[in-house]
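I opened this notebook to record what I looked up in one protein structure. The entries follow in the order in which I made them.

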Amino acid sequence: MSEESTAELSREIYRELELALPSENTLPFVQVLDEGLALPELSGYYEVLYDEAREESADAAGLPERWAVVVLYFPIHAELASAQIELVLEALDLSEYRLREKKIERQDYLEAYKQYYEPFQIAPRLLVVHSWDRGSEREQELRESVVPAAAGDSRSLHSLYLDPGLAFGTGKHPTTELCLQYLDERFQSAEPPRELIDAGAGSGILALGALLFGAKRVYAFDIDGNAAIACEQNLRLNPEVRGTLQFERGGFDLAGLAEEPADLLLGNVTAAILMQNLKFINQTRAARMALSGILTEQQDEVLAAFSESERGWPPP
């Protein structure tokens with residue numbers, strides 16, 4: 001192999017596809033991405049949907065009002081990536097979008113993360129701080145600005161350090177935010193959960209948030225092999241975590257899942273995945289569930305399926 005070819009490989013060239021579409025259509029598209037089946041060669045994505053900096057960028061690019069952007073990365077050999085994305089959009093009946101492609105180096109997307117993602121507050125007692133901002137002035141300024149919302153006690157305010165990488169999102173998705181806000185509230189209740197199950201753990205953000213809030217143990221699982229790496233990396237970024245995080249690769253049919261003790265099962269997954277795995281979820285020892293990622297129009301169907309199942313989960 002020539003020196004030129006070796007240098008090109010070492011630069012890690014990727015295909016970057018920037019998809020712009022109406023904001024209300026981003027959730028169903030991202031849910032398909034998170035299932036990990038529709039785009040098997042996808043190296044990862046990040047959402048720049050809810051960020052003021054990106055809104056300014058979208059304006060500059062001439063996008064219509066209330067449009068959002070998802071940036072997806074594929075290995076350089078994935079020549080059909082654009083066509084595959086368009087097939088997914090067609091299957092979802094999403095016909096209004098803009099898609100553009102370019103080749104970039106690994107360093108380019110790392111810098112894109114740094115440009116668009118500053119530390120942010122995701123729950124009353126929890127900040128998400130990306131690894132490059134640990135101890136930065138931006139983190140300190142954010143901590144000082146939100147301490148009053150945490151009852152004036154800076155010790156109750158946690159920073160969750162996260163490296164988004166390529167495999168998973170950045171923590172800015174509304175379903176993630178809702179889960180962490182729920183956990184924040186639950187861990188301040190008279191009977192906070194101590195042992196949890198995190199279904200579809202991804203980067204481990206929910207599991208790590210629960211541990212920072214005071215959980216003793218979280219059993220996390222995901223069908224994506226990259227999740228184990230991401231969870232391990234992000235756990236190392238958070239030495240303040242005192243509880244135990246156990247990760248297994250697999251789905252709801254994992255052999256040991258039914259034996260896991262749990263006060264709470266977290267499921268930030270789609271309605272389709274929940275319905276397909278109702279039997280296995282009923283076999284868990286979880287005392288209650290907190291589910292997110294379900295479209296509003298699917299809510300009644302999911303609630304009915306669980307309440308009418310053999311286990312008979314009580315309505316919320």
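**Entry 1: Val-146.** I began with the contacts of a single residue in this predicted model. Leaving aside residues up to four places away in sequence, I found that Val-146 touches Gln-121, Leu-127 and Leu-157. I placed Val-146 in helix α6.

**Entry 2: helix α6.** I next took the whole helix, residues 137–146, and listed its buried residues as Glu-139, Leu-142, Arg-143 and Val-146. These residues cover an arc of only 100 degrees around the axis, and therefore lie on the same side of α6. I asked what covers the buried residues of α6. The cover includes β5 (120–123), β6 (126–130) and β7 (158–162). On the face turned away from the buried side, I recorded the exposed residues Glu-137, Glu-141 and Glu-144.

**Entry 3: helix α12.** I repeated the search for α12, residues 299–307, where Val-302, Ala-305 and Phe-306 are buried. Their arc around the axis is only 95 degrees, so they fall on the same side of α12. I noted that the buried residues of α12 pack against α10 (271–276), α11 (278–282) and β12 (289–292).

**Entry 4: the pair α7 and α8.** Two packed helices are described by the angle between their axes and the distance between the axes. I looked up both values for α7 (residues 174–186) and α8 (residues 205–213): the angle is about 20 degrees, and the axes are 10 Å apart. Angles under 35 degrees count as roughly parallel, and α7 and α8 are therefore roughly parallel to each other. I recorded their crossing as right-handed. I then asked which residues make the contact. From α7 they are Thr-176, Cys-179, Leu-180, Leu-183 and Asp-184, and from α8 they are Ile-205, Leu-206, Gly-209, Ala-210 and Phe-213. Sorted by class, this contact has 7 nonpolar, 2 polar and 1 charged residues.

**Entry 5: Val-88.** I located Val-88 in helix α4, residues 81–91. Not counting residues up to four places away in sequence, Val-88 touches Phe-29, Val-32, Ala-38 and Leu-39. For one of these, Val-32, I looked up the spacing: it is 56 residues from Val-88 in sequence, and 8.3 Å from it in space, C-alpha to C-alpha.

**Entry 6: Asp-93.** I found Asp-93 in the loop between α4 and β4 (98–105). I asked what the phi of Asp-93 is near. It is near 60 degrees, a positive value in a residue other than glycine. With 67% relative accessibility, Asp-93 counts as exposed.

**Entry 7: the chain as a whole.** I counted 12 helices and 12 strands in the protein chain. Of its 316 residues, buried residues make up 49%. I also looked up contacts between residues at least 6 apart in sequence, and 76% of these join residues at least 24 apart.

Notes
Residues are numbered from 1 along each chain as its sequence is written. This is a predicted model: local features need pLDDT of at least 70, side-chain atom pairs count only at pLDDT 80 or more; totals for chains, interfaces and linings use all residues. Side-chain values use heavy atoms; hydrogens and water are left out. Axes are lines fitted to C-alpha atoms, for helices over the stretch in contact, and angles run from 0 to 180 degrees between N-to-C directions. Helices (H or I, at least four residues) and strands (E, at least two) are DSSP runs, numbered from the N terminus. Angles under 35 degrees count as roughly parallel, over 145 as roughly antiparallel, 65 to 115 as roughly perpendicular and the rest as oblique. A crossing is left-handed if the near helix is turned anticlockwise from the far one by less than a right angle, and right-handed if clockwise. Contact means heavy atoms within 4.5 Å. Ala, Val, Leu, Ile, Met, Phe, Trp, Tyr, Cys and Pro count as nonpolar, Asp, Glu, Lys and Arg as charged, and the others, Gly among them, as polar. Buried means under 20% relative accessible area, exposed over 50%, partly exposed in between (1.4 Å probe, protein chains only). The arc is that of the directions from the helix axis to the C-beta atoms.
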